[in-house]
Amino acid sequence: LSQLTENTDWYFSETTPDTAHTTTMATNTSVSFTPPAGSDWLVMGTNHVLIDATNINAEFRINAAGTVTSTTPLLSQEGKDTTDALVWTIARVYENLGAITQTFSAQVRDDTATAANNSDYANIFALNLEKFRVHSQAFTDATTANLSNTAYATNVQTLAIQPQFTGDVFVFGTHATTQTVVATTEDVKSRLQIDNVDQPAGGTEQTTASYNINRPSDATNRM
C-alpha cells in the first residue's frame, strides 16, 4: 500500500471496545467514500467474537449501501464452548461503483431472541482495484446445491485473468458453506487451483495440505 494513497485509493477503519451483541444487526465500524465512477473495489471485514453461549449463533456481515445495496457475505456460527474466541474475515468485490457515497459496514448480531455474545474488535478495509494493472473478480450470491462427496469434484467459482507481463499474481477465494442435514461425520474442504493445477508449480499443497472447514454443528450455521 506504500505506493497508494490512504483515504483516496484505500480506506480502513477499526474499533476495539468490548461490545455486547443485540438481536439486530449493529455496525461495529464502517468506511464511507466517493469513488471514481465505474471502479471496482475489494472490501474485506474482520470481526473478533467472544462466545458466551454455545446455543446462540453470532452473525457477521458486510453491509453495502450506495451503488450496490447488499447484506452478503454473511457468516453465522455458534461456539463450541464459552472459552471460544473466533476471528472471522469475509470479503467481496463490489463492481462498477458510481461516483456517489458508498458505505461499507462491519455488522454483528446474535440470531435468537436473547443475545449473549460479545465482539471486542472489528475492522473494514476497502481497496480500489483500478490501481492494479489488471484485475479480475467473480461473485456468486446463490446456492450450489448438493456438493459432491468425491474430493474437489464440485467447482463453486471460476474466473479468468490475462496478465500483461510475466510476474506474480495475487489470487484468493472464499465461500460460505451450510448443511441442511447436519452429519457429524461430514466435513467440507476446499482448494484453489490455477489452470486446474496446484500452485506454486511442482507443489501439491493446495490439495494435500487443505484443511477441513469447521464442521457445522446445526443447519443454521453459515461458515
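I take buried to mean under 20% relative accessible area, exposed over 50%, and partly exposed in between, with a 1.4 Å probe and protein chains only.

**Basis.** I worked on a predicted model, in which local features need pLDDT of at least 70 and side-chain atom pairs count only at pLDDT 80 or more, while totals for chains, interfaces and linings use all residues. Residues are numbered from 1 along each chain as its sequence is written, and side-chain values use heavy atoms, with hydrogens and water left out.

**Entry 1: aromatic pair.** I looked up W10 and F125 and found that both are buried. I searched the whole structure for aromatic pairs and recorded 7. The criterion concerns rings of Phe, Tyr and Trp (its six-membered ring) with centres within 6.5 Å; planes under 30 degrees apart count as stacked, over 60 as edge-to-face and the rest as tilted. W10 and F125 form a tilted pair, at 6.1 Å centre to centre and 45 degrees between the planes. W10 lies in strand β1 (residues 10-15) and F125 in strand β9, so the pair ties together parts that are 115 residues apart in sequence. I also noted one aromatic cluster formed by Y11, F33, W41, Y94 and F104.

**Entry 2: S39.** I located S39 in strand β4 (residues 39-50). S39 has 2% relative accessibility and therefore counts as buried. Leaving aside residues up to four places away in sequence, I listed its contacts (heavy atoms within 4.5 Å): S39 touches Y94, E95, N96, L97, N128 and E130.

**Entry 3: nonpolar patch.** I recorded a nonpolar surface patch of about 370 Å², made by L159, I161, V169, V171 and I194. Such patches take residues with over 30% relative accessible area and no salt bridge, joining nonpolar side chains (Val, Leu, Ile, Met, Phe, Trp, Tyr) within 5 Å. A salt bridge here is a side-chain nitrogen of Lys or Arg within 4 Å of a carboxyl oxygen of Asp or Glu. I placed V169 in the loop between β9 (118-128) and β10 (188-189). V169 counts as partly exposed because its relative accessibility is 42%.

**Entry 4: whole chain.** I counted 1 helix and 11 strands in the protein chain, taking helices (H or I, at least four residues) and strands (E, at least two) as DSSP runs numbered from the N terminus. The order along the sequence is β-β-β-β-β-β-β-β-β-β-α-β. The C-alpha atoms fill a box of roughly 50 × 45 × 30 Å along the principal axes. Buried residues make up 36% of the 223 residues in the protein chain.

Terms used:
Patches are made of residues with over 30% relative accessible area and no salt bridge: like charges are joined within 9 Å, nonpolar side chains (Val, Leu, Ile, Met, Phe, Trp, Tyr) within 5 Å. Accessible areas come from the Shrake-Rupley method with a 1.4 Å probe; for residues, only the protein chains shown count as cover.
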